[in-house]
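Visitor: I would like to learn how to read the packing of helices and the nonpolar core of a protein. Could we go through one example slowly?

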Amino acid sequence: MNNIQAPASWHTYIEEWLGYLRTSAEAESTVNHRRYQISHLARGAQSDPINITENDLIAWFASKEYAPETRKSYRAAIRSYFIWMQTAGYRDDNPALVLPKVVRPLPHPRPCPEDYIRAALSRANAQETLMIRLGAEVGMRRDEISRVHSDDIIELIAGWGIIIQGKGRKQRTLTLPDDLAALIKDSNGFVFPGRFGGHASASYVGKHISQLLPDGWSGHKLRHRWAARGYEKTGDIYLVSAGLGHASVDTTMHYVPMPLDRMHELTEATRLRR
């Protein structure tokens with residue numbers, strides 16, 4: 001994500017707000033994303049944060065051709081920023097309260113087809129193969145994959161597990177196939193090291209996976225695949241939701257298509273018998 005420099009009239013307030021976010025233990029990646037969003041608003045707004053009006057915010061939003069998910073994220077960031085401005089005593093009101101809720105169309109689950117994954121694996125190098133397996137077999141997000149470390153592997157009563165560092169610093173533990181656990185343990189550090197130390201970026205992982213899959217398919221659809229196969233096998237949506245690290249089962253439902261064999265049972269059960 002490119003850095004955007006906010007105008008001087010916004011800069012101090014943005015930095016104070018970001019400091020406030022850090023005190024609530026927000027992940028640094030989240031803080032940086034919020035900085036980008038508010039700086040983007042600041043560059044396009046025709047006013048400073050003290051004097052910007054409800055109409056200014058509405059006009060700015062109306063000028064953007066954002067997808068619903070992006071629009072929703074910007075709305076949340078801007079509302080958070082002006083709630084802080086009001087709480088900190090810099091404003092008496094919150095102009096962002098007027099921003100309407102974002103109506104999001106419900107996405108249809110799109111688990112990555114098995115033949116696409118097999119074809120990708122046939123072209124992948126060792127590192128890319130591991131990326132694909134962590135997405136398809138463990139259901140990890142690209143950001144989670146990028147941060148996998150050998151110390152994340154733990155020994156369980158039966159087999160091996162991995163502690164996943166999820167969104168908002170939330171951890172979850174999943175079991176692993178023995179060979180996958182061994183590959184991660186043998187890395188003796190970050191599995192995907194960064195160019196200048198630390199670990200690789202989420203975009204690095206996403207780019208490598210997307211290049212191996214057909215157009216229109218991304219690493220996130222490997223996660224959909226994990227959810228779909230998991231639900232088909234267990235029939236337990238709560239277990240799948242916990243494995244994905246979702247805060248709500250409603251979110252998980254967008255990942256899981258209706259198993260076609262169960263749909264066939266429904267069709268048979270509702271047929272008119274003559």
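Guide: We will look at one helix pair and then at the cores. This is a predicted model, in which local features need pLDDT of at least 70 and side-chain atom pairs count only at pLDDT 80 or more, while totals for chains, interfaces and linings use all residues. Residues are numbered from 1 along each chain as its sequence is written, and side-chain values use heavy atoms, with hydrogens and water left out.

Visitor: At what angle do the axes of helix H6 and helix H8 cross?

Guide: Axes are lines fitted to C-alpha atoms, for helices over the stretch in contact, and angles run from 0 to 180 degrees between N-to-C directions. Helices (H or I, at least four residues) and strands (E, at least two) are DSSP runs, numbered from the N terminus. Here H6 (residues 126–138) and H8 (residues 178–185) have axes that come within 12 Å and cross at roughly 135°.

Visitor: Which residues make the contact?

Guide: Contact means heavy atoms within 4.5 Å. H6 contributes Leu130, Arg133, Leu134 and Val138, and H8 contributes Asp179, Leu180, Leu183 and Ile184.

Visitor: What is a nonpolar core?

Guide: A nonpolar core is a set of buried (under 20% relative accessible area, 1.4 Å probe, protein chains only) Ala, Val, Leu, Ile, Met, Phe, Trp, Tyr and Cys residues joined through side-chain atoms within 4.5 Å. The largest one has 37 residues, and those with the most contacts inside it are Ile132, Leu134, Val138, Ile162, Leu176, Ile184 and Phe192. Its largest share, six residues, comes from H6. A second, separate core of 25 residues includes Trp17, Val31, Ile52 and Phe82.

Visitor: What does Leu176 touch?

Guide: Leaving aside neighbours within four places in sequence, Leu176 is in contact with Val138, Ile153, Trp160, Gly161, Ile162, Ala181 and Ile184.

Definitions and conventions:
Buried < 20%, exposed > 50% of the residue type's maximum accessible area, 1.4 Å probe, protein only.
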